[in-house]
Amino acid sequence: AAAAVAAAVAALAGGWWGLGAGLAAAAYRPFLVHAGVHEPETAIVFCLAVAVFAGVLARKSSGKERRSWRWSLVAGLSLGAAALLRPQHLLLVPIWALWIGAARPRETGASGRRSSLPSLFVLLAALAVVAPFSLARWRATGSLAVMNPGPVFYEGNGPGALGLRRWAPAAVLALERMHPQASDYGHVAYRRIAAAALGRPVTPAESNRYWSGLARQTIAAWPGRAAARGARKALFAVMPYEAHDLVVAEHLDRRLRARLPWGFALLAVALPWTLLARRDRLADLAGPLAIAALAAAVQVAFYASARQRLPPALGVLLGLVVAGALAAASGRWAGLDQLEWDETLGRRPASPPEDLLALQEGRIGRAALREDALLFRAALARHRAGRHRAAIPAFAVLAGRDFTIDEDPVGLPEHWLARCHLFLGDGPRARAVLDRVLASRPDDPRLRALAARLGASRRRPPGVDPATWRLLLSGSTRAPRR
């Protein structure tokens, strides 16, 4: 399952991000708890991860018919297998068909139109998996009903339901205690009670209708309570707390917490980043986000359960990848900008919340950047105090780095190194330093202005207004604020 998660993320974000996501899934405590207690949950996560992976590749192969059809078949088969384990995932089959079929062709054929065959293959492959089992169930029981959504709906919406885990009537709990060796005897207990209430044997479909009818009557009798309970279940669906519904799951979770303290909360915080950072690619993320949305809807409609939160972790892991990439990309700017605020307001004391902020902003692993920036500022202070010779060694050590933030003074050490040589009357060394840095930054107006002061062309670079150019030629390092 972790390998399937890695493959899905790699298909969307690249190999290294896929490796990181796979390792995160392998060390994700809720996965480990339910893999050891609820065997189907691991298989469901595996099937959905394969479906995401195949769906992404089918979309990327749009226009290459054979490859797109092949991956569409894999996606459909995976969704069909997931639906055998949790029938709610049947709802993802038409979403996958639309998601894959809506991809823009990367290579257009003679007509240049999208092909509907990949969508059809998704539907047919899922049907090929589900149909034989459904027909066999119908022949054995006289009903196509899979599992028991009626009693579960009652457990989440009955008169005593709070929305966190299941609420079962006392008679069901008593029958379960009477049959301790029977696995999931509650399903049988619900059918026995329905049969006793109706005065005749009932099929699974009739039992489902009986209990879901009682739940609807409860909702109709107390609509205000039902609305409040639905809102509470929506909160439970995203809360950090893991609501286990079996004692063995809670026991295993407690054994694992000491070594793996992170859980759903770490992933949930990343989901909004998926939406914010990939606005231009939301179509590519529609499949994984559909899994998360379906799992949340199921928990609101029935009851909150830690098991139901495993599939959304697929979509959230993608969000975690995006959050990590954003932090890595913006950490430099965050570190430099925070340093300026520290100089103004004082550095914030070390604390767990501050460490969490540093991690979130990408500053956590940039201690060397902070030290270099402090050295750069100390050298600037020496230069501005007229101690140009004392500032030269630090600027020389920091050459090749950039400490520029917004409209602050030039952050290129080479710029200041050349100025130090210029103030000391050593024009040749100043020009040598500038020549090296201008080779990589030929259009930097501040460097061009300093070069002009050293005898190069005084022609104004494109994109620099005359007032700014005159200011730079005068020796100022700050552009005028608008």
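**Reading burial and contacts in a predicted model**

Tutor: Glu41 has its place in helix α4, which covers residues 39-60, and the model in which we read this residue is a predicted one.

Student: Is Glu41 buried or exposed?

Tutor: The general idea is that a residue counts as buried when its relative accessible area is under 20%. Glu41 has a relative accessible area of 5%, so this residue is buried.

Student: Which residues is Glu41 in contact with, leaving aside its neighbours within four places in sequence?

Tutor: Contact is read from heavy atoms within 4.5 Å. On that reading Glu41 is in contact with His34, Arg86, Arg307 and Leu310, once its neighbours within four places in sequence are left aside. With Arg86 there is also a polar contact, made between the two side chains at 2.6 Å.

Student: Where is the place of Arg347, and is this residue buried or exposed?

Tutor: A residue counts as exposed when its relative accessible area is over 50%. Arg347 sits in the loop between α17 (312-345) and α18 (352-361), and its relative accessible area is 59%, so Arg347 is exposed. Not counting residues up to four places away in sequence, Arg347 touches Asp342 and Arg370.

Student: What does Leu120 count as, at 38% relative accessibility?

Tutor: Values between the two cut-offs are called partly exposed. Leu120, in helix α7 (residues 117-141), has 38% relative accessibility and therefore counts as partly exposed. Together with Leu117, Leu124 and Leu127, Leu120 forms a nonpolar patch on the surface, and the accessible area of these residues together is about 330 Å².

Methods:
Residues numbered from 1 in each chain as written. Predicted model: local features only at pLDDT ≥ 70, side-chain atom pairs only at ≥ 80, totals over all residues. Heavy atoms only, no water. Helix = DSSP H or I, 4+ residues; strand = E, 2+ residues; numbered from the N terminus. Buried < 20%, exposed > 50% of the residue type's maximum accessible area, 1.4 Å probe, protein only. Patch = residues over 30% accessible without salt bridge, like charges linked within 9 Å, V, L, I, M, F, W, Y side chains within 5 Å. Areas by Shrake-Rupley, 256 points an atom, 1.4 Å probe, with all protein chains shown as cover. Salt bridge = Lys/Arg side-chain N within 4 Å of Asp/Glu carboxyl O. Polar contact = N/O pair within 3.5 Å; in protein donor to acceptor, adjacent residues only side chain to side chain.
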